[in-house]
Amino acid sequence: MGLLDATHAALRLLLSGDAQLWTIVGVSLSVTLRAMLIAMPVGIGCGYLLATLRFPGRRALIVLIQGLLASPTVVVGLLLYLLLSRQGIFGQLHLLFTQTAMVIGQVLIALPVLIAFSLAALQGADPRARETAVALGASASRVGWTMLVEVRFALMAAVCNAFGRVVSEIGCSLMVGGNIAGVTRNIPTAIALETSKGDFAQGIALGIVLLVVALGVNSAFAFFQGESRR
Amino acid sequence: MSLLAVAALAKSFGERRLLSIDALSLSAGEHYVLTGENGSGKSTLLRLLAGIEAADSGVGRFGKRRFDWCPYPDWLRREVIYVHQQPYLFHTSVAENIAYGLRARGVEASQRERLVAAAIAWARLDHLLRTPPQKLSGGERQRVALARAWVLAPKVLLLDEPTANLDAESRQQTIDLLRAFCGQASTAVIACHDRDMIALANMRRLHLVDGQIHQNSGAAP
């Protein structure tokens, strides 16, 4: 099958509302959204604490987190696999090859991105912003909230970046999800599987959806940023 | 009568002792102009008094209440307001900027709106309400910052070179606002260079030399 034929078949699949295909899309979005909902407050919160607090080992911790930005997702998957497998310390929870395991994996992949980027955003903020909030009598929590609002566009960029990384990652999802049809098969693992079977139409169709989702999220971000700067 | 007094206030940066003030006393309803060479520590002194910069040591008294200067007591932040040389405006709106301190103090919505409206009228900011704060000129920012401070009715107002870097018209507008502000019985300390000296009623002079304050009891020239 040529590339053109495969693309035609892919578009037909998408438009026909193929149940199997849209289940895969549903698994991807559901897992990634849940992972982001957990990772966002934790990651941004940790970024804020790292930007604000001074403690021994802070420098080393920042270097470690920046290093983790480049961690291969398959290694995260391997570590999580070892922890969740029957012999692992969390084996009793029977989470291996479930969507929950995929969510945990994606949270672990998203966290370094969110922490490092929100730390950079807050460190890059005008120091007078914090001083002004303090001088006007704001409590510590209000100062924190004010700072996050002041750097909100940089934080949105961090969230987009983390979302892009987890929605498209395959290594960890494959290791701890197991690519089970209808349960843990998401877009990246399905594309790899279908392509290896020679079914390019399904692979291309899923690839289109993934691109549309990634572009959609980034376009929405660009739109909000543009609105605020008009 | 002394409103805010501080003794043995010290601040070093690394090995360098920038400020070492034996005693400084600010009286209620008096206005002070703080002068000194560039780098003499004028800004640092104001920042210490406002609690934005942590002092190395010091003891203070506000009215009859005595306290340790480090850590700076939270309740004193409600009485003392500091305005930067180039004020920072939050990326919200002009009205939200003015309301910020009121929100921090838990002032209820209806009263807050009333006070913000009064501050907007006071600083003549009506025509700027729809302009994003980041698009305001230096003089306009200074007026928003003064309105943001005025609305809180602070007992002590600390201003860091409020007229520096302003054109002649903005400078005059700022000085007019400062006269009105200081006329309302708040104690004010205004850091400025001699050439920018702002003539206000009851103006006294504080001069910083070698990290020490020289308090002149007479009116400033």
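This is a predicted model: local features need pLDDT of at least 70, side-chain atom pairs count only at pLDDT 80 or more; totals for chains, interfaces and linings use all residues.
Biologist: Why is A:Glu131 called buried?

Modeller: The relative accessibility of A:Glu131 is 14%, and the cut-off for buried is under 20%. A:Glu131 therefore counts as buried. This residue lies in helix α6 of chain A, where A:Ala129, A:Thr132, A:Ala133, A:Val134 and A:Ala135 are among the other buried residues.

Biologist: What does A:Glu131 touch, leaving out residues up to four places away in sequence?

Modeller: A:Glu131 touches B:Arg47, B:Ile52 and B:His84.

Biologist: What makes the pairing of A:Glu131 with B:Arg47 a polar contact?

Modeller: Their side chains come to 2.7 Å, and a polar contact needs N or O atoms within 3.5 Å, one able to donate a hydrogen and the other to accept it. The pair of A:Glu131 and B:Arg47 is therefore listed as a polar contact.

Biologist: Which elements do the buried residues of α6(A) pack against?

Modeller: In chain A they pack against α7 (140-150). In chain B the partners are α1 (42-50), α2 (74-77), β6 (80-83), α3 (94-104) and α5 (138-150).

Biologist: And what comes between α6 and α7 of chain A?

Modeller: A loop that holds A:Leu136. Just after α6(A), A:Gly137 takes a positive phi of about 90°.

Biologist: How do you know whether A:Leu136 is buried or exposed?

Modeller: Its relative accessible area is 4%, and anything under 20% is buried, so A:Leu136 is buried. Beyond its neighbours within four places in sequence, A:Leu136 is in contact with residues of chain B, including B:Ile81, B:Phe90, B:Tyr100 and B:Leu152.

Biologist: Let's move on to α7(A). Why is α7(A) called roughly antiparallel to α3(B)?

Modeller: The two helices pack at an angle of about 150°, with their axes 11 Å apart. Angles over 145 degrees count as roughly antiparallel, so that is the name for α7(A) and α3(B). Their crossing is right-handed.

Biologist: Which residues meet where α7(A) and α3(B) pack?

Modeller: A:Arg142, A:Val143 and A:Thr146 in α7(A) meet B:Tyr100, B:Arg103 and B:Ala104 in α3(B). By class, the residues of this contact divide into 3 nonpolar, 1 polar and 2 charged. A:Val143 and A:Thr146 are also among the buried residues of α7(A), along with A:Met147 and A:Leu148.

Biologist: What else do the buried residues of α7(A) pack against?

Modeller: Besides α3 of chain B, they pack against α2 (19-52), α5 (99-123), α6 and α8 (152-167) of chain A.

Biologist: Over in chain B, why is B:Ala153 called exposed, and B:Ala8 partly exposed?

Modeller: B:Ala153 has a relative accessible area of 59%, and exposed means over 50%, so B:Ala153 is exposed. B:Ala8 has 48%, which falls between the cut-offs of 20% and 50%, so B:Ala8 is partly exposed.

Biologist: Lastly, where is the cis peptide bond?

Modeller: It runs from B:Cys70 to B:Pro71, with omega near 5°. B:Pro71 lies in the loop between β5 (65-68) and α2 of chain B.

How values were computed. Residues are numbered from 1 along each chain as its sequence is written. Chains are lettered from A and ligands numbered from 1 in the order in which they are written. Side-chain values use heavy atoms; hydrogens and water are left out. Buried means under 20% relative accessible area, exposed over 50%, partly exposed in between (1.4 Å probe, protein chains only). Helices (H or I, at least four residues) and strands (E, at least two) are DSSP runs, numbered from the N terminus. Contact means heavy atoms within 4.5 Å. Axes are lines fitted to C-alpha atoms, for helices over the stretch in contact, and angles run from 0 to 180 degrees between N-to-C directions. Angles under 35 degrees count as roughly parallel, over 145 as roughly antiparallel, 65 to 115 as roughly perpendicular and the rest as oblique. A crossing is left-handed if the near helix is turned anticlockwise from the far one by less than a right angle, and right-handed if clockwise. Ala, Val, Leu, Ile, Met, Phe, Trp, Tyr, Cys and Pro count as nonpolar, Asp, Glu, Lys and Arg as charged, and the others, Gly among them, as polar.
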